[in-house]
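User: I'm new to this one and would like to go through it in questions and answers. Can you show me the structure?

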Amino acid sequence: MRLLIMGPPGAGKGTQAIRIAEHYGIPAISTGDIFRAMKTSETDLARQVRAIMQSGGYVSDEITNQIVADRISEPDTTAGFLLDGYPRTVAQVATLDESLSVTGQALDGVVSLVANESEVVARLLRRAETQGRADDTEDTIRVRLKMYNEQTAPLIDIYRERGILIEVDGLGPVDEVTERLLAALDSRPA
Ligand code: B4P
């Protein structure tokens, strides 16, 4: 099963991705986590990625595409995977399509977590207090939301037109959102 979870920053992608992946026994692959794991590395690439993330911008398609292409060719993805936060741009959609088509694969479903702006900003500011993530400041959150609306929201229509979009309400307690998500995924036509 090859899935993708998308939504604005703070919609609960990372939170829910771990649960969905565990349910289906597939790895959750988060580009945000991969980039954050570079935080202690002192290479030019890691320094570049850190600066971009702190500004709220997107890491370049070139870097992101290469990292994901390498990751989804690892042996633990044979039975499928759940991509969290990738693709985020129209160019990343095209690259993912190409990578999958080489082995005759395609995405089975795309979950779009829906949450309004005031709720996601409140969540990210709460996370700033508890986890101190460098990209959860008010200014950065504003940039991240702008990037999402301009570059990532258009992907929803692309996947809707392909008939694989599953929209799920991301508001409410985490467990309830998980139940909604799994119910929506399990009721997809085979
Ligand atoms: P991400 O790591 O994807 O960051 P995010 O959008 O904030 O999502 P995250 O998964 O962390 O938050 P979640 O909604 O689960 O990306 C970070 C940065 O990496 C990007 O800004 C960009 O620079 C770069 N990047 C990543 N992928 C890229 C790509 N493909 N191309 C280019 N650049 C890329 O949770 C948010 C908070 O809400 C948490 O504190 C959580 O506990 C809370 N929460 C979740 N569900 C909740 C609920 N139901 N109720 C209340 N709180 C909830």
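User: How far is an oxygen atom of the ligand from a polar backbone atom of Gly14?

Analyst: A quick note to start: this is a predicted model, where local features need pLDDT of at least 70 and side-chain atom pairs count only at pLDDT 80 or more, while totals for chains, interfaces and linings use all residues. Residues are numbered from 1 along each chain as its sequence is written, and side-chain values use heavy atoms, with hydrogens and water left out. As for Gly14, a polar backbone atom there and an oxygen atom of the ligand are separated by 2.9 Å.

User: What share of the ligand's area does the protein bury?

Analyst: Side chains also reach the ligand's oxygen atoms: a polar atom of Arg36 is 2.8 Å from one, and a polar atom of Arg133 is 3.0 Å from one. On its own, the ligand exposes 990 Å² (accessible area by the Shrake-Rupley method with a 1.4 Å probe). Of that, the protein buries 89%.

User: Which residues is Arg133 in contact with, leaving aside its neighbours within four places in sequence?

Analyst: Arg133 sits in the loop between α6 (117-131) and α7 (138-152); helices here are DSSP runs of H or I with at least four residues, strands are E runs of at least two, and both are numbered from the N terminus. Its side chain makes a polar contact of 2.9 Å with that of Asp135 (a pair of N or O atoms within 3.5 Å; within protein, one must be able to donate a hydrogen and the other to accept it, and residues adjacent in sequence count only if both atoms are side-chain atoms). With those neighbours set aside, its contacts (heavy atoms within 4.5 Å) are Arg36, Arg127 and Arg144.

User: Where are the buried residues of α9 around the axis: on the same side or on opposite sides?

Analyst: In α9, Val177, Thr178, Leu181, Leu182, Ala184 and Leu185 are buried, meaning under 20% relative accessible area with a 1.4 Å probe, protein chains only. Their arc, taken from the directions from the helix axis to the C-beta atoms, is only 160 degrees, so they are on the same side of α9.

User: Which peptide bond is cis?

Analyst: Most peptide bonds are trans. The loop between β3 and α5 holds Pro87. With omega at about -5 degrees, the cis bond is the one joining Tyr86 and Pro87.

Note on methods: Buried means under 20% relative accessible area, exposed over 50%, partly exposed in between (1.4 Å probe, protein chains only).
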